[in-house]
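Reader: Hi! Could you walk me through this one before I set anything up?

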Amino acid sequence: MNRIVLAVTGVAFVLLAPPRVLGQGTASQSNGPAADYMTRYHEILNIQPQAGQVAEVHHLVLTRDVGRLTLEQGQLYLLSPIGGRVVGAVFRGEGRFAFAPTVPAERAELERFASTPTIDDTIQEAIMLFSDSTAAELRGLAFGPGLIPGDVGDHVRDLLGSFKGHNDGSYGSDVLSPLLNCDTSLFFLARVEPVHGEALLFEIDPSVSEAVQLYHPVGRLRWGGSWAVITESPLQHPLAGTGGSWRFRERATVPSYQIEVHLRSTGGADLDFAARALLTIKATEPVGPWLRFILHSKLLVDSARWSDGAAATAFKAKDEEDLWIRAPRRLSVGDSLALTLFYHGNLIDRYLNWFYIDPTAAWYPINAQ
């Protein structure tokens with residue numbers, strides 16, 4: 001058995017080894033941040049229009065950075081709450097969706113896709129998910145009993161299903177994170193159905209540097225997902241921490257890692273990989289309690305614990321890279337926690353007598369806050 005101990009500041013290191021993871025309707029199953037990952041996961045998949053939560057809409061304008069959704073005339077159906085709060089609604093009627101990127105390269109990409117550098121189309125439906133100010137903007141409407149067409153629920157299920165991975169528990173982190181944590185953020189997502197042409201997905205995802213995103217639908221067999229990006233760009237007024245990473249907006253840091261790696265020979269002349277990672281998590285803004293890390297899809301989590309010895313709740317879907325850890329509380333600015341994670345898996349590849357790790361593999365838990 002080979003044993004390697006690493007004490008590292010930052011995350012730039014290489015492992016070298018010898019060859020040997022609003023309205024008031026029916027109450028949510030739980031209020032606030034989810035206590036259990038799978039319970040909240042199933043709750044999200046089962047979001048439905050609420051009986052008695054229908055309103056007439058007249059010229060309601062929702063402006064989100066370079067996107068604008070105008071609900072001119074029609075009905076709005078609130079969706080069942082998550083964590084005790086309204087997080088979704090469906091609009092049916094006459095409306096418009098406008099999208100005008102300010103970044104020249106993104107205008108060019110949009111023109112290449114749609115033959116125009118901006119969009120201003122009539123729409124007949126918009127399905128919205130949100131954790132921003134949208135719920136407050138809807139409070140001025142008069143909600144009450146009303147007919148809910150049967151296909152409204154079908155369309156909601158189709159949209160929610162489009163973010164689901166191939167295995168149980170796997171779900172798009174951009175949608176999942178605000179619903180797991182019940183936090184207030186700029187998250188806003190709308191699937192808009194134009195009167196003519198295919199549906200579009202407009203999103204503000206505050207967890208990443210390029211938060212403003214526009215997608216079009218694609219086949220999973222070809223692309224591995226339901227939506228492909230058309231344009232993505234930073235917010236016009238970027239959030240704090242946007243410049244700290246090329247991909248994720250830095251809401252928490254991991255100043256250091258201590259990683260102990262064990263490589264064990266197998267009967268098939270391969271090497272099993274097992275590791276213990278001690279990492280310190282420090283919040284630079286309020287975050288959590290569910291914290292996201294990236295860990296290679298082949299790696300399995302054995303256990304996790306905090307510095308006081310208490311077990312840490314962890315979830316990682318089969319063959320997925322998202323690793324979710326639930327902190328004991330939502331972290332405030334300056335809060336710090338120490339986490340020890342034990343994991344293993346078939347990470348090391350062999351070619352003849354050479355053993356190697358894919359240089360892109362997340363063989364230690366990478367911060368994705």
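This is a predicted model: local features need pLDDT of at least 70, side-chain atom pairs count only at pLDDT 80 or more; totals for chains, interfaces and linings use all residues.

Reader: Thanks! What is the strand order in the open sheet of eight strands?

Author: The order is E2-E3-E4-E5-E6-E7-E8-E9, and the pairing is antiparallel.

Reader: And which strands stand at the edges?

Author: Those are E2 and strand E9 (227-233). Each has a single partner strand, so one side of each has no neighbour in the sheet. On average, neighbouring strands are turned by 25° against each other, with direction ignored.

Reader: How many bridges join E3 to E4?

Author: Eleven, between E3 and strand E4 (residues 88-99), and the two run antiparallel. Gly74 is opposite Gly93 of E4.

Reader: Which strands does helix H2 lie across?

Author: H2 (residues 104-114) lies across E4, strand E5 (119-130), strand E7 (200-204), strand E8 (212-217) and E9. Its direction is at about 150° to E9.

Reader: Now for H4. Which of its residues are buried?

Author: Val152, Gly153, Val156, Leu159 and Leu160 are buried there. Looking down the axis of H4, the buried residues fall within an arc of 125°, so they line one face of the helix.

Reader: What does the face of H4 turned away from the buried side carry?

Author: The exposed residues Gly150 and Asp158 are on that face.

Reader: How far apart are the end C-alpha atoms of H4?

Author: They are 17 Å apart. At 1.5 Å a residue, the twelve residues of H4 (residues 150-161) should span 16 Å, so the two values agree.

Reader: Changing topic to the backbone: which residues does a cis peptide bond join?

Author: Gly288 and Pro289, with omega about 10°. Pro289 is in the loop between strand E12 (271-283) and strand E13 (290-294). For context, most peptide bonds are trans, and most residues other than glycine have a negative phi.

Reader: What is phi of Asp65, then?

Author: Phi is near 55° for Asp65, a positive value in a residue that is not glycine. Asp65 sits in the loop between strand E2 (49-64) and strand E3 (67-79). Cys182 also has a positive phi, about 50°, and belongs to the loop between helix H5 (173-181) and strand E6 (188-194).

Reader: Is Cys182 buried or exposed?

Author: Cys182 counts as buried, at 17% relative accessibility. Asp65 is partly exposed, with a relative accessible area of 25%.

Technical notes: Residues are numbered from 1 along each chain as its sequence is written. Side-chain values use heavy atoms; hydrogens and water are left out. Helices (H or I, at least four residues) and strands (E, at least two) are DSSP runs, numbered from the N terminus. The expected span of a helix is 1.5 Å times one less than its number of residues. Buried means under 20% relative accessible area, exposed over 50%, partly exposed in between (1.4 Å probe, protein chains only). The arc is that of the directions from the helix axis to the C-beta atoms. Two strands pair if DSSP finds at least two bridges between them. Axes are lines fitted to C-alpha atoms, for helices over the stretch in contact, and angles run from 0 to 180 degrees between N-to-C directions. Contact means heavy atoms within 4.5 Å.
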